[in-house]
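Let's take a walk through this structure together. Keep the picture open while you read.

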Amino acid sequence: MSATRAEICVVACAEVWRGDGEILAAAMGTCSILGARLARLTFEPGLLTTDGGALLTAEAVPFGAAAGAVEGWLPFREHLWLVQNGRRHVMMGASQIDRHGNTNISAIGDWARPKSQLLGVRGAPGNTICNPTSYWIPKQSTRVFVPKVDVVSGVGHDRAAALGPRAARFHDLRRVVTDLAVFDFGTPDGSMRLVSVHPGVEVEQVRAATGFDLVVEGDVPETRQPTDEELRLIREVLDPKGLRDREVKA
Amino acid sequence: MGVVMSIEEIVGSLESGMTIGIGGWGSRRKPMALVRAVYRSALTDLTIVSYGGPDVGLLCAAGKVRRVVAPFVTLDSIALEPHFRAARQRGAVEFTEYDEGMFMFGLLAAAHRLPFLPTRAGLGSDVMRVNPRLRTVRSPYEDQEELVAVPALTMDVALVHMDVADTRGNGRYLGADPYMDDLFAKAAGRCFVSCERMVEPGELGGPPQTLLVSRMHVAGVVETPDGGHFTDRGEGRDEAFQRHYAASAADPEAWAAFADRFLSGDEAAYRKAVRQWHEEGR
């Protein structure tokens with residue numbers, strides 16, 4: 001079976017939770033939510049996932065489906081306490097991200113009088129300073145991958161370093177997955193590094209969609225293909241309506 | 001003990017310049033009937049403390065708001081709240097922007113008469129830059145850790161919406177999430193509860209842990225059937241109407257028509273207009 005770009009992205013999102021064990025996989029965005037549930041159904045069965053609301057589901061449920069049997073309760077107040085507790089790896093979205101992993105979901109332009117008011121910082125400051133954090137960005141471009149974000153909602157490596165080792169000891173940016181590629185911050189100064197390009201994507205294409213100097217080391221591998229079992233789970237179980245294709249065009 | 005009041009009596013007891021907390025979360029179990037009454041009132045210069053949704057949007061649209069204190073303003077199924085966006089982009093409202101967890105700590109502090117509570121949330125982010133009055137506090141213990149000292153989010157009045165309440169002001173929620181409504185009730189000098197359905201004392205029913213708001217924190221209660229409309233009250237949101245709201249908000253002429261049709265009369269007129277709108281199958 002040959003996988004679509006959206007399916008490659010779902011699996012790349014799932015991979016961010018590999019090795020996490022028994023923690024909450026918190027996800028925003030279709031491919032990210034599907035990724036968390038796919039990871040739970042395959043290589044990371046200890047993960048906890050929600051129904052998108054306040055319920056921890058007993059099993060990973062299809063996208064948009066009712067919770068079914070429940071194994072726990074996580075209303076917003078408990079979710080916010082869990083952020084402080086730390087047994088959680090969140091995959092957020094970002095309207096802007098820079099080379100150190102600072103992200104913005106608050107406002108474009110001058111904060112005092114924005115050109116475009118977005119959501120507000122939401123939980124991004126707490127998430128990034130307390131929990132492992134990854135990002136899912138469905139459409140990579142130089143408008144999103146910018147030299148400097150307008151408002152720092154999610155804390156990047158330079159900001160964390162400035163806080164010092166004690167205050168930043170739980171800061172842990174893991175990966176960024178986009179429609180083109182996978183990135184991490186595995187460089188000495190925590191700059192963004194290209195980990196893999198999705199099948200059919202050239203490294204130059206990724207560079208062209210990146211508004212800062214991207215670290216590219218040696219030959220960049222391809223993002224892995226889904227297994228047949230992963231494709232079956234995505235297509236027949238988790239997302240039979242193909243909502244992933246609305247987020248990442250086939 | 002809470003007393004049964006009318007929407008008009010509750011809003012009539014508010015004053016311009018007040019800090020008003022609004023319960024719920026985003027576009028979920030918001031006290032919209034009370035918000036609509038504030039929208040129609042002569043009140044102005046308000047500070048609104050809220051996990052913001054269409055409550056913040058409507059009051060911004062009416063020019064009632066001097067300052068918004070919030071970690072976000074969203075319609076949930078529609079990410080961005082159009083009236084709040086417009087007000088921010090016009091420079092029409094001041095904004096105290098907190099992290100979601102910081103905001104909860106501010107409520108917890110206010111609810112428990114503490115001047116602040118410490119948290120890591122906010123450190124390193126621009127929340128510290130855009131709120132220059134925020135201070136940090138250093139642990140007096142060996143770790144010496146420096147944390148954000150979130151000031152208490154005290155408020156003059158809180159407005160919350162319950163699924164069921166009794167005539168004394170005890171409130172129960174039926175959905176999966178209490179949000180922070182009990183904290184709002186405790187953090188405010190006075191809390192007013194609206195409810196979908198009002199019962200006699202002792203008839204609230206349900207598991208005791210769903211009895212969220214106690215009459216000891218409630219100054220007045222009002223029955224407002226459909227009073228959470230169009231936000232989610234556990235059985236879902238009126239998504240079609242929310243889309244109509246958001247689409248209208250994006251255009252001045254369409255908004256004038258929306259306001260004329262739905263917001264120019266009292267709550268009974270609103271309910272009737274919404275019913276008719278649905279019957280038209282729009």
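**Where the two chains meet**

The rule finds 4 salt bridges across the interface of chain A and chain B, a salt bridge being a side-chain nitrogen of Lys or Arg within 4 Å of a carboxyl oxygen of Asp or Glu. One to look for joins A:R169 and B:E145, with the closest N and O atoms 2.9 Å apart.

Before going on, note that this is a predicted model, where local features need pLDDT of at least 70, side-chain atom pairs count only at pLDDT 80 or more, and totals for chains, interfaces and linings use all residues. Residues are numbered from 1 along each chain as its sequence is written, chains are lettered from A and ligands numbered from 1 in the order in which they are written, and side-chain values use heavy atoms, with hydrogens and water left out.

Now for the whole contact (heavy atoms within 4.5 Å): chain A brings 39 residues and chain B brings 46 residues. The side of chain A that touches chain B has 23 nonpolar, 8 polar and 8 charged residues. Here Ala, Val, Leu, Ile, Met, Phe, Trp, Tyr, Cys and Pro count as nonpolar, Asp, Glu, Lys and Arg as charged, and the others, Gly among them, as polar.

How much area is buried between chain A and chain B? It's about 3,600 Å², and carbon and sulfur atoms give 55% of that. Buried area is the accessible area (1.4 Å probe) that two parts lose on being put together, summed over both.
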